[in-house]
Amino acid sequence: MGLLERCHELFKTSNLYEVLAVNKEATETEVRRSYYKVSLKVHPDRAPEDPLATEKFQVLGQLYAVLSDKEQRATYDEQGTVDEDSDVLSQGRCWEDYWRLLFPKITVKDILEFENKYKGSKEERQDVIQLYVQHQGNMDAITASAMCCSQEDEPRLCGIIQGAIEGGEVTAFTKESHKKKSARRKRANKERQEAEEMQKEMGLGDEDDSLVMMLKQKQKSREQNFNSFLSDLEAKYSKKSGPQKGKRGKR
């Protein structure tokens, strides 16, 4: 399987620029910076729970090797193809060593410190708004693509998006398909079922002030908050303007 096919399989797009969330006109510095940001999300030390993290990390290394090579990038821009036999994509290369050469001082501690600085920053706000436009309001895709994001961060991301909408930076996407609503409902029901099974295995009753009950309540609250956010968008903006298309946030 070639690089473009692997990108599509792992990142849902075969466009190398879209994987890095940059446009075709991005400078070398912008490409390098975006590669750093995206690779942090799937770095094996940062995402041990993701079974595909190592493969994603390797593919990102190959992707950056192509876009950082002037000849390879020019070929890709003109023809939309990648020379799989080039030295740039040498099969024997260790892509983690390649990453360490580019960012030699990066450690697990550095990654955690970056995450702490990134969350709540202007940079994160710009990235979230860009993802909101790119994914046309699909919150599942936004939370999956946002850097340094876990389920606990969803209310914060919703707040960023709501603020951008109220400030006129982006137009609200208010329509959500029945399929997406059903998928989220199934996930919520599955989480509740798992919590109930855990509760039975531990021999806990509903009256117990247990971790299981806390997890069930937390999941229920998160689902309610998320659905409330989508409902608020529909109530505020659907009647006024109908179906909308997003526009890129101001920079």
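Before you start clicking, one definition: buried means under 20% relative accessible area, exposed means over 50%, and partly exposed is in between (1.4 Å probe, protein chains only). What you have open is a predicted model, where local features need pLDDT of at least 70 and side-chain atom pairs count only at pLDDT 80 or more, while totals for chains, interfaces and linings use all residues. Residues are numbered from 1 along each chain as its sequence is written, and side-chain values use heavy atoms, with hydrogens and water left out.

**Stop 1: the loop at Q136**

Select Q136, which sits in the loop between helix 8 and helix 9 (139-145); helices here are DSSP runs (H or I, at least four residues; strands are E, at least two), numbered from the N terminus. Check its backbone: phi is positive, about 50°, although Q136 is not a glycine. Is Q136 buried or exposed? With a relative accessible area of 55%, Q136 is exposed.

**Stop 2: the loop at K12**

Now jump to K12, in the loop between helix 1 (3-11) and helix 2 (16-19). Here's another positive phi in a residue other than glycine, near 65°. K12 is exposed too, at 67% relative accessible area.

**Stop 3**

Time for side chains. Those of opposite charge can pair when their charged atoms come close. The rule used for a salt bridge is a side-chain nitrogen of Lys or Arg within 4 Å of a carboxyl oxygen of Asp or Glu, and the count comes to eleven.

**Stop 4: E115 and K119**

Next, select E115 and K119, whose closest N and O atoms are 3.3 Å apart in a salt bridge. E115 counts as buried at 13% relative accessibility, whereas K119 is partly exposed at 28%.

**Stop 5: R156 and E124**

Finish with R156 and E124, which meet in a salt bridge at 2.6 Å, N to O. This pair links distant parts of the chain, with R156 in helix 10 (residues 154-166) and E124 in helix 8, 32 residues apart. R156 is partly exposed at 27%, while E124 is buried at 2%.
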